Amino acid sequence: MSFQAYLDNIEDKTGLTPRQFIDLASEKGFGPGTKAGEIVTWLGEDYGLGRGHAMALVHVITKGAKIDAKHVASGTAHSDASDTLWLEGKASNPAP
């Protein structure tokens with residue numbers, strides 16, 4: 001599953017976009033420098049997200065929308081189309 005697919009699945013499960021999770025995390029004082037475990041615990045307790053999905057959100061909360069280029073067009077099941085993740089919700093994503 002691609003990184004973007006993880007984020008889209010989280011939106012399906014919770015009804016919240018990645019951008020909304022970033023805002024909620026900021027309200028809790030989470031951001032760059034926050035330990036992954038703190039965010040994973042919060043997402044599991046409050047939203048029922050498992051570790052894999054939570055770690056996708058940990059990345060965007062602590063590092064932003066850019067991902068390593070090695071994940072782009074790699075031809076694997078985890079390949080993403082772009083090195084920039086769409087955070088505004090899958091319905092508004094201009095990429096196919």
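A: A definition comes first: an axis is a line fitted to C-alpha atoms, for a helix over the stretch in contact, and the angle between two N-to-C directions runs from 0 to 180 degrees. Please keep in mind throughout that this is a predicted model.

Q: At roughly what angle do the axes of α1 and α4 cross?

A: Two packed helices are described by the angle between their axes and the distance between the axes. Here the axes of α1 and α4 cross at roughly 105° and come within 9 Å. Angles of 65 to 115 degrees count as roughly perpendicular, and α1 and α4 are therefore roughly perpendicular to each other.

Q: Which residues make the contact of α1 and α4?

A: From α1 come F3, Y6, L7, N9 and I10, and from α4 come G52, H53, A56, L57, H59 and V60. Sorted by class, the contact of α1 with α4 has seven nonpolar residues, four polar ones and no charged ones.

Q: How do the axes of α3 and α4 cross?

A: Helix α3 spans residues 36-47 and helix α4 spans residues 51-63; their axes come within 9 Å and cross at roughly 125°. That angle makes α3 oblique to α4. The crossing in which α3 passes α4 is right-handed.

Q: Which residues of α3 and α4 meet?

A: On the α3 side they are A36, I39, V40, W42 and L43, which meet R51, A54, M55, L57, V58, I61 and T62 in α4. The residues of this contact of α3 with α4 divide into ten nonpolar, one polar and one charged.

Q: Which residues have the most contacts inside the largest nonpolar core?

A: In soluble globular proteins, nonpolar side chains tend to be buried together. The largest nonpolar core in this model has 23 residues, and those with the most contacts inside it are L7, W42, L43, L57, I61 and L85. The elements giving two or more residues to this core are α1 (3-14), α2 (18-27), α3 and α4. Of these, α4 gives the most, with six residues.

Q: What does I61 touch, leaving aside residues up to four places away in sequence?

A: I61 touches F21, I22, A25, F30, G31, P32, I39 and W42.

Q: Is A73 buried or exposed?

A: A residue counts as exposed when its relative accessible area is over 50%. At 64% relative accessibility, A73 is therefore exposed. A73 lies in the segment after α4. The phi of A73 is near 50°, a positive value in a residue other than glycine.

Note on methods
Residues are numbered from 1 along each chain as its sequence is written. This is a predicted model: local features need pLDDT of at least 70, side-chain atom pairs count only at pLDDT 80 or more; totals for chains, interfaces and linings use all residues. Side-chain values use heavy atoms; hydrogens and water are left out. Helices (H or I, at least four residues) and strands (E, at least two) are DSSP runs, numbered from the N terminus. Angles under 35 degrees count as roughly parallel, over 145 as roughly antiparallel, 65 to 115 as roughly perpendicular and the rest as oblique. A crossing is left-handed if the near helix is turned anticlockwise from the far one by less than a right angle, and right-handed if clockwise. Contact means heavy atoms within 4.5 Å. Ala, Val, Leu, Ile, Met, Phe, Trp, Tyr, Cys and Pro count as nonpolar, Asp, Glu, Lys and Arg as charged, and the others, Gly among them, as polar. A nonpolar core is a set of buried Ala, Val, Leu, Ile, Met, Phe, Trp, Tyr and Cys residues joined through side-chain atoms within 4.5 Å. Buried means under 20% relative accessible area, exposed over 50%, partly exposed in between (1.4 Å probe, protein chains only).
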